[in-house]
Amino acid sequence: MSTKKRSPVASGKTKVLFEVEEQPDVLVVQQQDAITAGDGVRRDVIEGKGRIAAKTTARVFQLLNLCGLPTHYLSGGVDDNQMHVRRAHMIPLEVVVRGVAAGSLVRRRPGIQRGALLVPRLIEFFLKDDANHDPLIEPEAIVAGGYATPQDVATMSELARITYEILAHAWRRRDALLVDLKIEFGRLVGGEGKGQLVIADVIDNDAWRVWPQGREDLMLDKQMYRNLKTVTPADLERVRANYEQVADIVETFPQMRPGMVGLLVDGAEHLAASELAARALAAFGLPTIRHVVSVARTPGYILQLVTQLEATFPRMVLVAVGAANSALPAMLDSATANPIGILNVENPHPDELALACAKAFALEDTVVFGRVLLLQANARSEVLGADAKLNAPPPAPAPGAALA
Ligand code: 5GP
């Protein structure tokens, strides 16, 4: 993408936004070398921090996009500190998700033990207002203040929670605990999906708390800088090294772990059903390999095939596709230690099969994990939407209409 930047349109404490020539709906985000704390009262410059932060942000957004979450991220940022994003009207709120009690929560609510697991996750909104130290704001006040509608508040809460779970999964796989996270939202100003709420701003090492091995004393995030009594060059070098380490870890977040679903079809007449399963699996980005087999006629081939597939695909789920009385599931159960799925062609549920396979891969694959979470959230909102429609008050009669 061309990067003919124009003058800055906005700047924050640690970033500058530029317009792009001939692309009114696109902005370039450039992160700065500044690090600040206490609403900007403490401020230092760490050379290279902007580049490191841009890399972290770009990888986080790539992960969220791969999972299917709506974000403003388009491209760039990884090597060039030139992240291209869709232009959005920012909602002046910081949305904080907490999975473990720390920070301002334990200061505000001393009854909550620092380090306590928070289930369900706690979602808090803060109004972006440096002069008043970004005060906590309740959903009712957000609506009353005209910052967002009740529906927007619900959407932001749900998207923030899913974002937290996805990033917590990614960190957990690197043996680290994501304690909390701050994200911001905007509304797309133009183009496809105009008006849609998207996750915007930046998500970097300033915006979360990360405790390796669940130990606060090993923290890698900005809290270390906030905690400093005085700031020496050696301190800043340690902070820089932590940020670099985090960027290197986050670099691998958007990678899918290659997996395979082997569909073994017990009889060529069931190929059409296996096609349905392959399509449902593709919705999660899961690749499939199909073989026609016959328990009655080619039992030896089935055993040989299983061994061959196991040797080729280290992460694999095998699915038996066949009639309800097919002996294939039992045969596969004794032939392999891999998870087994069943598609009964007399009563096929390909979507449920695909979900079960995705969950198996999701244990080790954050992208698939995120896709499962999003699918579940969409299914929930479909039900809630249908219920709301069913119970909506009748439309007001048109002026002048006769009353029954
Ligand atoms: P707390 O309210 O406990 O201070 O912060 C909760 C979470 O939001 C922490 O992960 C913290 O890093 C993040 N956070 C709070 N305020 C800001 C802010 O102004 N900028 C950024 N980038 N993150 C923030």
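## A buried aromatic cluster

W171 has a relative accessibility of 1% and therefore counts as buried (under 20% relative accessible area, with exposed over 50% and partly exposed in between, for a 1.4 Å probe and protein chains only). F253, at 2% relative accessibility, is buried as well. The model is predicted: local features need pLDDT of at least 70 and side-chain atom pairs pLDDT 80 or more, while totals for chains, interfaces and linings use all residues. Residues are numbered from 1 along each chain as its sequence is written, and side-chain values use heavy atoms, without hydrogens and water.

Ring pairs join W171, W208 and F253 into a cluster. Rings of Phe, Tyr and Trp (its six-membered ring) pair if their centres lie within 6.5 Å; planes under 30 degrees apart count as stacked, over 60 as edge-to-face and the rest as tilted.

## Aromatic pairs

There are 3 aromatic pairs in the structure. In one of them, F61 and Y73, the ring centres are 6.2 Å apart and the planes lie at 5°, so this pair is stacked. F61 belongs to helix α1 (residues 49–67) and Y73 to strand β6 (residues 73–75), so the pair ties together parts 12 residues apart in sequence. F61 and Y73 are both buried.

For W171 and F253, the centres are 5.3 Å apart and the planes at 85°, so the pair is edge-to-face. This pair links distant parts of the chain, 82 residues apart: W171 is in helix α4 (residues 150–172), and F253 is in the loop between α6 (233–250) and β15 (260–266). Helices (H or I, at least four residues) and strands (E, at least two) are DSSP runs, numbered from the N terminus.

## Surroundings of the ligand

The ligand has 13 residues around it, of which R98, S104, D180, R209 and R226 come nearest (a residue is near if one of its heavy atoms lies within 4 Å). The shell divides into 4 nonpolar, 2 polar and 7 charged residues.

A polar side-chain atom of R98 is 2.8 Å from an oxygen atom of the ligand. For D180, a polar side-chain atom lies 2.6 Å from a ligand oxygen atom. The elements that give two or more residues to the shell are β9 (93–100), α2 (103–108), β12 (176–188) and β14 (208–212).

## A hairpin

Strands β4 (residues 34–37) and β5 (residues 42–45) run antiparallel and are joined by 4 bridges (two strands pair if DSSP finds at least two bridges between them). A34 has V45 in β5 as its bridge partner. Between the strands of this hairpin are 4 residues, and G38 takes a positive phi near 65°.

Conventions
Polar contact = N/O pair within 3.5 Å; in protein donor to acceptor, adjacent residues only side chain to side chain. Nonpolar A, V, L, I, M, F, W, Y, C, P; charged D, E, K, R; others polar.
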